[in-house]
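Subject: Structure handover

Hello,

Here is the structure for you to look through. My notes on what turned up follow below it.

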Amino acid sequence: MGCSCGIVGLPNVGKSTLFNALLAAETANVQNYPFCTIEPNRGRIPVPHRAFDALVASVRPDKAVPNFVEIVDIAGLVKGASKGEGLGNKFLAHIREVDVLLHLVRCFPSSRVLHVEETPDAARDAELLEVELLLADLARVEGLLAQAAKRARGVLSREEKRQHEILTQLKDLLNRGEAARKLAIDDDDLPFLKGVGLLTAKPMLYVCNIGDGSSEQETAFVKAIEERALRTGCEVLRLSAIEEAELAVLSEAERASLLGEEVRVSGLERAASVLFRMLELVTFFTAGKKEVRAWTVKRGQSAFDAAGKIHSDFQKGFICAETIDADALLAYGSFEQAREAGKVRQEGRGYVVKNEDVFLFRFNV
C-alpha cells in the first residue's frame with residue numbers, strides 16, 4: 001500500500017462523482033442532494049508509473065502489483081460540522097487516520113446542481129470547510145489537555161511534559177486560525193503528533209472541480225484557490241470530476257481514440273502521482289517471472305528498510321541488496337544479463353533507496 005487519502009468538501013461539490021472516477025466504476029451513490037453519502041465509500045486506485053508498466057511488459061510476470069492509493073470518501077461537511085451538524089463529527093472520524101487530505105472545491109457555476117450555501121464561491125467554500133476542520137482539531141486538543149490536567153496531579157514523566165508542551169502549542173496555533181501542519185516540531189515528536197490524529201496536520205491537495213473551463217467565473221474561482229494554496233503551502237490540481245468519471249469507464253483504446261495518443265494520463269492519475277510526491281514517497285521494484293511489484297519507502301530510507309517492507313526475514317537475515325536502475329534493467333532485459341555486463345551493484349544495508357531502483361535481496365535466516 002502506498003498511501004491513504006481522504007476526500008473532503010462541501011455537499012454536492014462532486015466528491016462521490018470523483019470517487020466513482022477513481023475506481024473506474026459507479027460504486028458510490030451520486031445524487032443531487034446533501035448527505036447522500038452517509039457511510040464512507042472506500043476503494044483504492046493504482047498509481048501510474050511508466051517504469052512499472054515497462055517492467056511488466058518486459059518481464060511478463062504471472063502477477064503484477066502496482067502501488068495503490070487508498071481512498072476514503074466521506075459525506076459533505078457543512079457549517080457546524082465540528083460540533084456535529086450534519087453528522088459532521090461522525091464523518092470526520094473516518095478520515096483521522098489517512099495520510100493526506102484531498103480537498104475538492106467546486107469551481108463551476110451551475111443552476112442545475114444544488115449548493116448548500118445557495119451559490120458557489122470557491123474561496124468562501126474552502127474557508128468554510130477548513131474552519132470546520134480547524135475547530136474539530138481544537139476540540140480534540142482541548143479534550144486531550146483536559147485529560148492531561150487530571151493526570152498532572154501526579155508526577156509527570158519527561159515524555160508527558162513534552163507532550164503537554166506540544167498540545168499547548170497546538171492549541172495556541174489553532175486558536176490563531178492556523179493549521180496544525182504549521183507547527184515546527186522535532187522528528188522525535190512526530191509519532192506523538194500523528195497519534196493525535198489532527199486533520200489540519202495532514203498535507204492537503206486542493207482539487208478544483210471545473211466545468212468546461214470557458215466561463216470567467218470559473219477562471220476566477222480556480223485563481224482564488226491557487227492563491228489560497230500558495231498562502232497555506234498546499235498544492236493544486238484542476239480537473240473535471242464528471243469528465244474523469246466518463247473517461248474512467250472507457251477502455252485504453254477508447255480513451256486514446258478520444259483524447260489522442262499524446263494525452264494518456266488522466267487527471268486522476270496525475271492526482272495519485274502528486275499525492276506520492278507530497279508524502280515524499282520513493283518507489284522501488286522487485287521483478288521476477290512470478291511477480292513484478294512496486295513498493296514504497298519514505299525518501300531517505302535504506303535498503304535495510306526496504307527489505308523489511310517485503311518480509312521480516314529479508315531484514316533479519318539481510319546480506320546485501322543487488323541493485324540496478326529500472327531503465328538500465330530494461331536496457332539489458334534481465335537481472336542475469338545486466339549482472340554479466342557488470343551493471344548490477346551489491347549494496348549494503350545503509351544504501352539509500354533511489355526512485356525506480358530494482359532490488360534482488362540476498363538474505364540468510
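Please keep in mind that this is a predicted model.

Strands. Strand 3 (residues 63-65) pairs with strand 9 (residues 291-298) in the parallel sense, over three bridges. Within that pairing, A64 stands opposite V292. Strand 9 also pairs with strand 8 (residues 281-287), this time antiparallel and through seven bridges.

Core. The largest nonpolar core has 56 residues, and the members that touch the most others are L18, V69, I95, C107, Y206, I225 and L275. Helix 10 (residues 267-278) supplies the largest share of this core, with seven residues. As for V69, setting aside neighbours within four places in sequence, its contacts include C3, C5, G43, R44, I45 and V47. V69 is also in contact with A272, L275 and F276.

Salt bridges. The whole structure contains 15 of them. The ones I looked at are these:

- E130 and R228 form a salt bridge, with 3.2 Å between the closest N and O atoms. E130 belongs to helix 4 (residues 122-151) and R228 to helix 7 (residues 216-232), so the bridge ties together parts of the chain that are 98 residues apart in sequence. Buried is under 20% relative accessible area; E130 has 14% and therefore counts as buried, and R228 counts as buried because its value is 10%.

- E235 and R277 meet through their side chains at 2.4 Å, N to O. This pair also links distant parts of the chain, since E235 is in strand 7 (residues 235-239) and R277 is in helix 10, 42 residues away. E235 is partly exposed, at 27% relative accessible area, and R277 is partly exposed as well, at 49%.

- K182 and E178 are joined by a salt bridge of 3.9 Å, N to O. K182 is partly exposed with a relative accessible area of 44%, and E178 counts as partly exposed at 27%.

- R50, D327 and E356 are linked in a network of salt bridges.

Regards

Note on methods:
Residues numbered from 1 in each chain as written. Predicted model: local features only at pLDDT ≥ 70, side-chain atom pairs only at ≥ 80, totals over all residues. Heavy atoms only, no water. Pairing = 2+ DSSP bridges. Helix = DSSP H or I, 4+ residues; strand = E, 2+ residues; numbered from the N terminus. Core = buried A, V, L, I, M, F, W, Y, C linked by side-chain atoms within 4.5 Å. Buried < 20%, exposed > 50% of the residue type's maximum accessible area, 1.4 Å probe, protein only. Contact = heavy atoms within 4.5 Å. Salt bridge = Lys/Arg side-chain N within 4 Å of Asp/Glu carboxyl O.
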